[in-house]
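Please look through the sequence and the model shown here.

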Amino acid sequence: MNYVPHTKAQEEEMLDRIGVENVEALFESVPPDYRFPSVELPEPVSEIEIMRELREVAESNADLQHVSCFLGAGAYHHYVPSVVDHVVSRSEFYTAYTPYQPEISQGTLQSIFEYQSMICDLTSMEVSNASHYDGATAMAESVIMAYNVSRGRRNKVIISPTVHPEYLATVRTYMQGMEMDIVAPRDPSADLDWLIDQVDENTACLIVQNPDFLGRIHDLNDVAEKVHAHGALLVVACDPISLGLLKPPGDMDADIALGEGQPLGNPLNYGGPYLGFFTCKKNFVRRMAGRLVGQTTDVEGRRGYVLTLATREQHIRRERATSNICTNEGLNALAAAVYLAALGKCGLKQVAELCYHRAHYAAKAIDRLADYSVDFDMPFFKEFVVRCPTSVAEINERLLQDYDILGGYDLGRAYPKLQNHMLVCVTEMNSAQQIDDLVSALEEVGRS
């Protein structure tokens with residue numbers, strides 16, 4: 001094999017050390033019919049020919065460049081400016097790893113610092129870390145932080161039923177090794193007042209999502225005061241795009257604000273990698289997982305960047321560590337920073353307004369259909385609930401096969417009471433024509 005650097009003598013030495021006669025003996029566990037060269041492979045072809053064949057195979061995929069997408073539920077199709085890919089593809093960022101040596105990692109450290117600064121501005125919170133793996137793990141880490149803030153004296157967590165169901169599942173997975181009482185009703189009709197009534201002196205935190213999983217916008221202005229009266233923390237999960245239009249969690253006195261940062265310049269990517277942004281009040285910073293990059297000056301007065309806080313067990317004493325996260329999702333955080341810098345405050349507000357108005361245009365049009373109805377009981381941002389005349393799975397299959405439309409999320413999968421209910425998402429990527437086509441397709445599918 002041309003690309004194996006070992007010499008024949010080295011191979012013999014290794015085989016002798018492990019007590020094997022030859023390389024073939026290493027593969028005896030593989031059935032003979034499946035060992036090379038018994039595998040029947042087609043005749044070799046040129047690179048030009050194989051690339052042509054691969055392109056033909058790829059064209060059979062239904063990607064978002066060829067179909068209209070109205071599916072959200074935590075992963076969103078937003079426009080990614082070309083400058084994002086240009087910056088994150090630069091070799092100095094693309095090949096960089098953990099910035100252990102600040103003197104040679106200034107570019108990476110500055111990009112993380114800028115990311116943290118913009119996330120704090122976006123959420124109106126005091127401190128941001130350098131991101132978690134995704135929004136779900138960020139929420140799980142918020143529970144651990146709330147538990148640690150109480151010094152282990154509070155082991156009750158209250159989670160709204162309209163928090164993303166996969167986030168809740170991740171929290172439960174994280175808490176398996178801890179004696180935590182997780183109060184998480186699955187009935188989406190359980191309102192905010194009911195949740196607040198469950199808060200007591202043993203509660204570490206109350207977790208709500210705004211806009212919630214059903215797309216609805218909640219008034220959280222007085223919630224923090226009521227939660228703090230019992231000594232508990234308020235955790236708010238949010239869509240970062242919505243913060244271009246809605247009041248941020250920090251202005252509602254949230255203690256921890258988190259969410260999925262994928263909408264900020266990161267494509268859907270078949271479900272990952274994503275990044276979870278995580279912010280909190282400054283007085284909780286030493287209980288925060290992940291990393292914190294700070295700005296300082298060197299002995300000559302020049303600006304520089306350092307890892308101000310590193311809570312990994314590899315960095316500090318294990319008993320004082322709050323995290324063993326081995327990466328800060330650097331490229332994803334960088335993409336979010338470039339996206340926010342490229343759009344600016346006005347650009348982000350424009351994207352949020354486009355999502356809001358187009359979603360409401362779609363909701364009103366669908367609600368006018370005879371066989372469908374939209375829930376307008378609460379204000380919503382870019383997602384809304386549609387009652388359908390039949391199975392959502394059947395409708396989505398027809399939409400994709402007959403109309404090249406990727407339909408909404410089947411809410412019956414997460415909420416038994418919402419069978420035949422679809423969660424439709426509309427972003428700035430959905431034109432008026434696409435929305436009109438969806439409405440016409442739903443009407444035709446409903447009739448049949």
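**A walk through the model**

Pro-273 sits in the loop between β7 and β8. Here helices (H or I, at least four residues) and strands (E, at least two) are DSSP runs, numbered from the N terminus. This is a predicted model, in which local features need pLDDT of at least 70 and side-chain atom pairs count only at pLDDT 80 or more, while totals for chains, interfaces and linings use all residues. Residues are numbered from 1 along each chain as its sequence is written, and side-chain values use heavy atoms, with hydrogens and water left out.

The bond between Gly-272 and Pro-273 is a cis peptide bond, with omega about 5 degrees. Another cis peptide bond links Asn-210 to Pro-211, where omega is about -5 degrees. Pro-211 belongs to the loop between β5 and α9 (223–228).

Most residues other than glycine have a negative phi, and most peptide bonds are trans. Ala-73 is not a glycine, yet its phi is positive, about 60 degrees. This residue is in the loop between β1 (68–69) and α3 (82–88). Ala-73 is buried, at a relative accessible area of 14%; buried means under 20% relative accessible area, exposed over 50%, and partly exposed in between (1.4 Å probe, protein chains only). Asp-404 also has a positive phi, near 55 degrees. Its place is the loop between α11 (392–403) and β13 (405–406), and Asp-404 is partly exposed, with a relative accessible area of 43%.

Which residues of the largest nonpolar core touch the most other members? In this core of 34 residues they are Met-139, Ile-159, Val-171, Ile-207, Ile-256, Leu-258 and Met-288. At least two residues each come from α6 (135–149), β3 (156–159), α7 (165–174), β5 (203–209), β6 (233–237), β7 (256–260) and β8 (276–280). The most come from α6, which gives eight residues. A nonpolar core is a set of buried Ala, Val, Leu, Ile, Met, Phe, Trp, Tyr and Cys residues joined through side-chain atoms within 4.5 Å. Leaving out residues up to four places away in sequence, Ile-159 touches Leu-168, Val-171, Ile-182, Val-183, Ala-184, Pro-185, Leu-195 and Ile-207; contact means heavy atoms within 4.5 Å. A second, separate core has 27 residues, among them Val-87, Ala-333, Ala-335 and Leu-348.

Next come two helices. The axes of α6 and α7 come within 8 Å and cross at roughly 45 degrees. Axes are lines fitted to C-alpha atoms, for helices over the stretch in contact, and angles run from 0 to 180 degrees between N-to-C directions. The two helices, α6 and α7, are therefore oblique to each other; angles under 35 degrees count as roughly parallel, over 145 as roughly antiparallel, 65 to 115 as roughly perpendicular and the rest as oblique. On the α6 side the contact includes Gly-135, Met-139 and Val-143, and on the α7 side it includes Tyr-167, Val-171 and Tyr-174.

Four strands form an open sheet in the order β11-β12-β15-β14, with antiparallel pairing; two strands pair if DSSP finds at least two bridges between them. At the edges are β11 (373–374) and β14 (409–410), each of which pairs on one side only. Five bridges join β12 (residues 383–387) to β15 (residues 421–425) in the antiparallel sense, and Arg-387 has His-421 of β15 as its bridge partner. Helix α10 (residues 330–367) lies across β11 and β12, and runs at about 5 degrees to β12.
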